[in-house]
Amino acid sequence: MPDTLILERHDAVLLIRLNRPEALNALNRQLMGELAQTLAEAEADAGLRCIVITGSDKAFAAGADVREMAEMSYAEVAACDLYGPESEAIGRIRKPIIAAVSGYCLGGGCELAMMCDFILAAPSARFGQPEINLGINAGMGGTQRLTRLVGKAKAMEMNLTGRLIDATEAERAGLVARIVEGDVVAEALKVAGGIAAKSALAVRAVKESVGRALELPLSEGLRFERRMFHAAFATEDQTEGMKAFLEKRPPSFKDC
């Protein structure tokens, strides 16, 4: 079992709680390594179909661990490609990942939340990329994913000033899918359970297609989407889904 994570299985959904309360869940190499390994294991578990990542009420994750980084040299961070392998491993997960965010979600924490497929936020959530105040820039997507999600002006301001934004501003900017007034983890689990009940083939096609939209020109993205759409007609789940719709009953997907 990982030391920096708490794992809870809810039927076909895995809930991962970041668990470094003494550091407001700051991300260190141990946590990132354990998270990448846990997600790889979840990816290989056929019984798991969706994943939720959360922190505590006070902090999803307050950033990367400054104490761990403060004495590292350029040669050291470059040699180990600090946070690179773990971030890339998380990005390769094909199952949907939802971030359930309360409290501080800053620096590396905000970047981790953006690695997830979408973010549900409590009203208490606060987002930011304050690395500029440490004499560094973001290193896990704070200049790249954030710009793609909220646009150049907002991303530039957040990264250059270190200003924090609340959940309302984050939702308005497109960083957050929606704000949850009640228990954000409970809602994330409910949403994940709904996704888990759908065709895994269709879910994977959606995740891959939306992901391509951030990387490809529109013409290429549309072509990829259309090919995925066409490919769905080779599956039994497409037949079952459309038949169930016409018969006005819930579908029974078999992931084939």
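How many helices and strands are there in the protein? There are 12 helices and 10 strands. Helices are DSSP runs of H or I with at least four residues, strands are runs of E with at least two, and both are numbered from the N terminus.

This is a predicted model, in which local features need pLDDT of at least 70 and side-chain atom pairs count only at pLDDT 80 or more, while totals for chains, interfaces and linings use all residues. Residues are numbered from 1 along each chain as its sequence is written, and side-chain values use heavy atoms, with hydrogens and water left out.

## Overall form

The protein has 256 residues and a radius of gyration of 19 Å. Along the principal axes, the C-alpha atoms fill a box of roughly 60 × 40 × 40 Å.

Buried residues make up 43% of the 256 residues. Buried means under 20% relative accessible area, exposed means over 50%, and partly exposed lies in between, with a 1.4 Å probe and protein chains only. The accessible surface comes to about 13,400 Å². Carbon and sulfur atoms hold 56% of that surface. These areas come from the Shrake-Rupley method with a 1.4 Å probe; for residues, only the protein chains shown count as cover.

Contact means heavy atoms within 4.5 Å. Among contacts between residues at least 6 apart in sequence, 66% join residues at least 24 apart.

The protein carries 30 positive and 35 negative charges, and their mean positions are 7 Å apart. Lys and Arg count as positive and Asp and Glu as negative, while His and the chain ends are not counted. Each charge is placed at NZ of Lys, CZ of Arg, CG of Asp or CD of Glu.

## The six-stranded sheet

Six strands form an open sheet with mixed pairing, in the order β1-β2-β3-β5-β7-β10. The edges belong to β1 and β10 (178–179), each with a single partner strand, so one side of each has no neighbour in the sheet. Two strands pair if DSSP finds at least two bridges between them.

| Strands | Direction | Bridges | A bridged pair |
|---|---|---|---|
| β1 (5–10) and β2 (13–18) | antiparallel | six | I6 and R17 |
| β3 (50–54) and β5 | parallel | four | T54 and A100 |
| β5 (97–101) and β7 (118–121) | parallel | four | V101 and A121 |

How many of the five residues of β5 are buried? Five of the five are, so the strand is largely enclosed by the rest of the structure. I97, A99 and V101 point one way from β5. I98 and A100 point the other way. In a regular strand the side chains alternate between the two faces of the sheet.

## The four-stranded sheet

Four strands form an open sheet in the order β4-β6-β8-β9, again with mixed pairing. Its edge strands are β4 (59–61) and β9 (165–166), and each pairs on one side only. Strand β8 (residues 126–128) runs antiparallel to β9, joined by two bridges. There, R126 stands opposite D166.

Most residues other than glycine have a negative phi. D11 and Y83 have positive values.

β1 and β2 form a hairpin with two residues between them. D11 sits in the turn, with a phi of about 55 degrees. At 74% relative accessibility, D11 counts as exposed.

Y83 has a phi near 70 degrees. The residue lies in the loop between α3 (74–79) and α4 (84–91). Is Y83 buried or exposed? Its relative accessibility is 7%, so Y83 counts as buried.

A40 lies in helix α1 (residues 29–44). With 39% relative accessibility, A40 counts as partly exposed. L246 is 206 residues from A40 along the chain, and their C-alpha atoms are separated by 38 Å.

S209 is in helix α10 (residues 200–213). At 16% relative accessibility, S209 counts as buried. Leaving aside residues up to four places away in sequence, S209 touches F224, E225 and M228.

Key. Rg over C-alpha atoms; globule rule 2.2 N^0.38 Å.
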